[in-house]
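Please examine the sequence and the three-dimensional model shown here.

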Amino acid sequence: LVTIAQLGEPLAQLLKGCAEVETLLGPGVDPHLYRLTRTDTAKALAADGVVANGVNLEAQMRVLFERLAERKPVIYAAELLDEGAILRPDGHAPDPHVWMDPALWSVAIDRTAEKIAGLWPACAPTLALNKPAVFDEIAAVDRYVTAQLAAVPADARALITAHDAFGYFGRRFGLEVRGVQGISTESEAGVAHIRDLANLIA
């Protein structure tokens, strides 16, 4: 069982032919605010293992996952990265939106796959077989974005967004990112902040 599609899609491809991967949160569901239902809990209890993003993305689910970890593997993909790779915009809270940098997310997925291979050795050959296609696809996305953004003039390389989930994207592709909300959708934007953004856009 995985929490988000950014994990579910690549892991389903990597494990195709060895394990079934189910994604808990569907399209349009906000993982910052999501609260587990009874059905979700049953799925987590029935699963052989759980893969989550971690670094506070699924904060409402962490207690359940910590309890589950006493009886089955629970892997936090983004927490397998080196500490220096994790952005902390305010100097404290980590930015969990690691998948916005395809190259960095590729590392997180690869390390997650290595963990899975160690936990379930029977799946190791399947993972090794499927890896090239999956990581080639992620690399192609990275090249595509680089090529598209190359056309944006240096003095216009800014991204304004409602929810500041693009920090890793900005770091990877050289964009200044400014959000109405912070890294969590639970945060609120003040009037002065909105005014500053309006001035920047102007």
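The largest cavity has a volume of about 30 Å³. A cavity is a set of points, on a 1 Å grid over the protein atoms alone, where a 1.4 Å probe fits but cannot get out. A volume is the space filled by probe spheres set on the points, and grid points are joined across faces, edges and corners. By this rule, one cavity of 30 Å³ or more is counted. The structure is a predicted model, in which local features need pLDDT of at least 70 and side-chain atom pairs count only at pLDDT 80 or more, while totals for chains, interfaces and linings use all residues. Residues are numbered from 1 along each chain as its sequence is written, and side-chain values use heavy atoms, with hydrogens and water left out.

The largest cavity is lined by G54, V55, N56, L57, E58, A59, R62 and Y76; lining residues have an atom within 4 Å of a point. This lining divides into four nonpolar, two polar and two charged residues. Here Ala, Val, Leu, Ile, Met, Phe, Trp, Tyr, Cys and Pro count as nonpolar, Asp, Glu, Lys and Arg as charged, and the others, Gly among them, as polar.

Most residues other than glycine have a negative phi. V55, however, has a positive phi of about 40°, and phi of N56 is near 75°, also a positive value. V55 is found in the loop between β1 and α3, and N56 is placed in that loop between β1 and α3 as well. Helices (H or I, at least four residues) and strands (E, at least two) are DSSP runs, numbered from the N terminus.

N53 also lies in the loop between β1 and α3. Is N53 buried or exposed? N53 is buried because its relative accessible area is 0%, where buried means under 20%, exposed over 50% and partly exposed in between (1.4 Å probe, protein chains only). A polar atom of the N53 side chain lies 3.0 Å from the backbone oxygen of P96. Not counting residues up to four places away in sequence, N53 touches residues including T3, I4, L7, Y76, P96 and W105; contact means heavy atoms within 4.5 Å.

The model also has pockets. A pocket is an open set of points with protein on both sides within 12 Å along at least five of seven lines. The largest pocket has a volume of about 450 Å³. Its lining comprises 21 residues, of which L1, A19, E20, D48 and G49 lie nearest its centre. The elements α2 (38–46) and β1 each give two or more residues to this lining. The lining residues divide into 16 nonpolar, one polar and four charged.

The next topic is the nonpolar interior. A nonpolar core is a set of buried Ala, Val, Leu, Ile, Met, Phe, Trp, Tyr and Cys residues joined through side-chain atoms within 4.5 Å. The largest core has 44 residues, of which L7, L14, F65, V98 and W105 touch the most other members. Two or more residues come from each of α1, β1, α3 (62–68), β2 (74–76), α4 and α5. The largest share of this core, seven residues, is given by α4. Apart from it lies another core of five residues, among them L149, F169, F173 and L175.

Helix α1 (residues 5–14) has L7, G8, P10, L11 and L14 as its buried residues. An α-helix has 3.6 residues a turn, so residues three or four places apart point the same way. The cover over the buried residues of α1 includes β1 (50–52), α4 (102–119) and α5 (124–149). Leaving aside its neighbours within four places in sequence, L14 is in contact with I109, A113, T126, L127, N130, K131, V134 and F135.

L175 is found in the loop between α6 (167–173) and β4 (176–181). Leaving aside neighbours within four places in sequence, L175 is in contact with L149, R157, A158, F169 and G170. S106 lies in helix α4 and touches F135 and I138, not counting residues up to four places away in sequence. A124 is found in helix α5.

| Residue | Relative accessible area | Class |
|---|---|---|
| V55 | V55: 11% | V55: buried |
| L175 | L175: 14% | L175: buried |
| S106 | S106: 16% | S106: buried |
| A124 | A124: 28% | A124: partly exposed |

Key: Polar contact = N/O pair within 3.5 Å; in protein donor to acceptor, adjacent residues only side chain to side chain.
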